[in-house]
Amino acid sequence: MHRRLSGTPRRLLCGAVALALTGALAAPAAADRLTAGTFSVPRSGDAPGYQVRVDPAHLGVSVSRGGEPLLRTAPDAFTFGTAVATRVRSVSKQGATVVVEAGSTAGKTVTLRLTPHADRFDLSWSVAGEPAGDRATHFDLAASGHWYGGGETSEGTPQPYPLSAGVVNEPEFSPASYMMQEPYFYTSKSIGVYVRTAQPMKVALANGRADLTVTGSAEYASTVFVESSRRAVYDDYVGEVGKPEKSDATDAEYASPLWNSWAQYYRNIDQDKVVAWARDLKAANVAGHTVQLDDKWESNYGNLTFDAKTFPDPKKLVDDIHGMGQKFGLWTTFWINLDSANYGYARDHGYLLHAKANPAEPCTVTWWNGTAGIIDLGNPQARDWYTGNLRTLMADYGVDGFKFDTRFFDDSCATSNGLTPQDYQKLGADMTDRFDQQGAGIRTHWGNQRYGFVIRAVDADTTWDGLRTSLRRASAISADGYPFVETDMIGGSESMPPPSEEVLVRWAQAASLMPLMYASTSPVTTVDTTTGKPVTYPADTARLYADAVRTHAKLAGYLQTQVKQAVADGTPIMRPVFFDFPADHRFDTIDDEWLLGPALLAAPMITAGTSRDVVLPAGLWFDPNTHRVELGGRTLRGYPAPLGTTPMFVRLGAPGSAGLITALSR
């Protein structure tokens with residue numbers, strides 16, 4: 001298993017790489033001399049070596065390893081606006097960099113630069129005399145196997161697995177996005193593509209091609225990793241952007257659920273409901289470490305004051321929750337609605353982002369709760385004012401922490417003080433890091449791995465499809481270098497009718513085999529907000545849910561070890577099976593099994609039914625449900641999984657396996 005991060009001696013092999021470039025491309029060459037030409041990077045250490053060929057007929061790049069095709073650009077490989085790069089005019093070298101000049105349909109010169117390293121090469125291109133704008137690189141998917149990465153798709157859209165198996169269309173793929181997204185993709189042939197930009201992108205995968213477009217840029221800069229395993233590609237990417245420096249969550253927040261009121265009541269919430277909900281959870285033995293009050297506690301959005309009609313005694317509310325042995329938290333955002341008393345104050349003091357068209361006016365945006373301005377994190381006084389309001393809530397009522405559910409910037413607004421949208425992500429991360437996020441974490445991305453925040457997947461619906469989508473999203477986020485992941489709240493949300501008993505229980509079981517559990521819908525009783533009628537679950541629902549909570553609690557010691565490992569070297573806790581079993585390509589398209597650390601294979605039921613097939617990797621696997629040892633490298637057909645059973649297997653001999661077997665056998 002790889003433990004290498006970028007900056008190790010492998011990247012110091014440029015001298016050897018440069019020597020390997022002698023030959024067809026060692027000196028300026030005409031396009032016709034390039035036809036049979038490639039440049040090669042030899043194998044070195046654990047770097048597998050690779051070959052790159054530049055297509056002279058229409059500027060393009062293809063990558064191979066030992067004769068096997070790995071990556072190929074599409075015929076319209078490099079485009080700007082409506083123009084396309086065309087025939088190569090010249091090839092030269094500047095140090096270790098291969099410089100290729102080509103024509104274009106716009107009559108302007110396109111310059112492509114390729115700088116090789118032992119396990120990757122930098123690929124950048126620009127257009128002489130062309131102002132900043134869209135710069136797109138297009139890839140032919142056929143050569144690359146399956147594509148993964150990129151993070152989660154937008155709320156309400158499917159999450160294909162792999163990405164290349166469906167359609168992805170993300171026109172607002174951006175550092176400012178509400179979604180957890182990264183300009184990084186990888187393939188089943190152990191290639192990674194990292195687009196180096198602080199600007200918004202447009203990302204589309206469909207019809208056998210991937211279109212990766214950077215907006216507002218004069219240059220398209222990227223790095224292509226070439227490795228022998230997908231885990232090695234992951235290490236390369238984390239080596240570039242950074243691993244977690246800590247975990248934001250406490251041991252208690254890993255060991256038991258966070259309960260948030262959103263899917264239980266949505267906006268139809270009041271003080272008595274919160275207390276009754278928390279008491280029911282405690283009586284059902286599913287209570288966790290914290291009760292969070294979500295949307296609609298404020299007098300107006302952005303006021304940061306309790307609505308006196310629905311929450312007449314906030315101090316008593318917090319005291320009641322504390323009396324049940326749990327912490328109390330509040331949902332908050334950076335949006336300040338126009339009808340909020342705080343809006344006028346923030347506007348008059350220059351605390352809001354400004355409009356692009358008129359910097360003298362605040363930027364106005366629409367979000368799911370109305371029309372608002374956004375606090376300008378580029379203004380230190382604005383940050384201090386906002387955090388001061390939060391500190392007042394903590395001091396006056398005993399609030400313990402917050403769920404920050406917000407954008408830190410909006411691409412429709414103007415930045416301030418020369419900042420980029422990516423800079424606003426870091427400012428938001430720095431600010432929220434001062435508070436206990438209570439296991440809800442924040443959605444901060446685009447190179448913010450080092451903060452070690454818990455990351456929750458974006459909202460999913462309350463169906464089987466919602467469960468599958470939420471698991472796919474959490475897995476994608478984890479494989480982008482954010483190891484402390486959880487699904488959307490157990491049972492889903494999206495303002496839909498409550499989940500069925502089976503969906504709710506199966507979701508809790510799946511979440512129990514993840515780093516953290518994020519819950520909302522009570523397994524006792526809830527409300528169908530589409531009809532306003534109460535919904536009471538069968539009596540065994542709470543018992544089965546409590547079993548899932550106990551299973552997760554049994555993993556607490558094992559999870560603490562995995563958290564330390566993630567902080568030490570960036571290892572994802574929830575990860576695709578092929579990270580640990582790179583040669584087993586059966587797992588290339590399996591989305592309902594994953595590894596939790598090195599020793600636990602999770603294979604929960606995420607569809608209706610009472611049995612499933614389980615694909616076992618090589619090795620010996622202990623089954624905590626049957627107390628049998630199963631031989632791996634085969635598929636267990638029709639594994640029995642009634643509603644009270646969660647399929648899982650412990651890999652004998654793996655680190656932590658002995659403790660897991662003891663814990664899960666209790």
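Hi everyone, this is a short walk through some local features of one predicted model.

The model is predicted, so local features need pLDDT of at least 70 and side-chain atom pairs count only at pLDDT 80 or more, while totals for chains, interfaces and linings use all residues. Residues are numbered from 1 along each chain as its sequence is written, and side-chain values use heavy atoms, with hydrogens and water left out.

Let's start with strand E16, residues 219–226. Seven of its eight residues are buried, so by that definition the strand is mostly covered. What does E16 pair with? Two strands count as paired if DSSP finds at least two bridges between them. Strand E8, residues 120–127, runs antiparallel to E16 over seven bridges. Strand E13, residues 191–195, is also antiparallel to E16, with five bridges.

Just after the helix, Gly242 takes a positive phi of about 110°.

The buried residues in H12 include Leu544, Tyr545, Val549 and His552.

Most residues other than glycine have a negative phi, and most peptide bonds are trans. Where does the model depart from that? The peptide bond from Tyr161 to Pro162 is cis, with omega near -10°. Pro162 sits in the loop between E10 and E11.

Leu163 is in that loop too, between strand E10 (147–151) and strand E11 (168–173). Is Leu163 buried or exposed? Leu163 counts as buried, because its relative accessibility is 6%. Leaving aside neighbours within four places in sequence, Leu163 is in contact (heavy atoms within 4.5 Å) with Trp147, Tyr148, Gly149, Val168, Phe185 and Leu205. The C-alpha atoms of Leu163 and Gly149 are separated by 7.6 Å, and the two residues are 14 apart along the chain.

There are positive phi values in non-glycine residues as well. Tyr266 has phi near 50°, and its place is the loop between helix H4 (262–265) and helix H5 (271–283). Its relative accessibility is 5%, so Tyr266 is buried. Trp446 has a positive phi of about 60° and lies in the loop between helix H9 (421–432) and strand E26 (455–456). Trp446 is buried too, at 2% relative accessible area.

Next, how many disulfides are there? With a disulfide taken as a pair of cysteine sulfur atoms within 2.5 Å, the count is one. The pair is Cys363 and Cys413, with sulfur atoms 2.1 Å apart. The torsion about their S-S bond is about -75°, so the disulfide is left-handed. Cys363 lies in the loop between strand E21 (354–355) and strand E22 (365–367), and Cys413 in strand E25 (residues 413–414), so the pair ties together parts that are 50 residues apart in sequence. Both cysteines, Cys363 and Cys413, are buried.

Last stop, a sheet. Six strands form an open antiparallel sheet in the order E31-E32-E33-E38-E35-E36. Strand E31 (574–575) and strand E36 (628–631) stand at the edges with a single partner strand each, so one side of each is left without a neighbour in the sheet. Inside that order, strand E35 (residues 620–623) and strand E38 (residues 648–651) pair antiparallel over two bridges, and Trp621 has Arg651 in E38 as its bridge partner.

Terms used. Buried < 20%, exposed > 50% of the residue type's maximum accessible area, 1.4 Å probe, protein only. Helix = DSSP H or I, 4+ residues; strand = E, 2+ residues; numbered from the N terminus.
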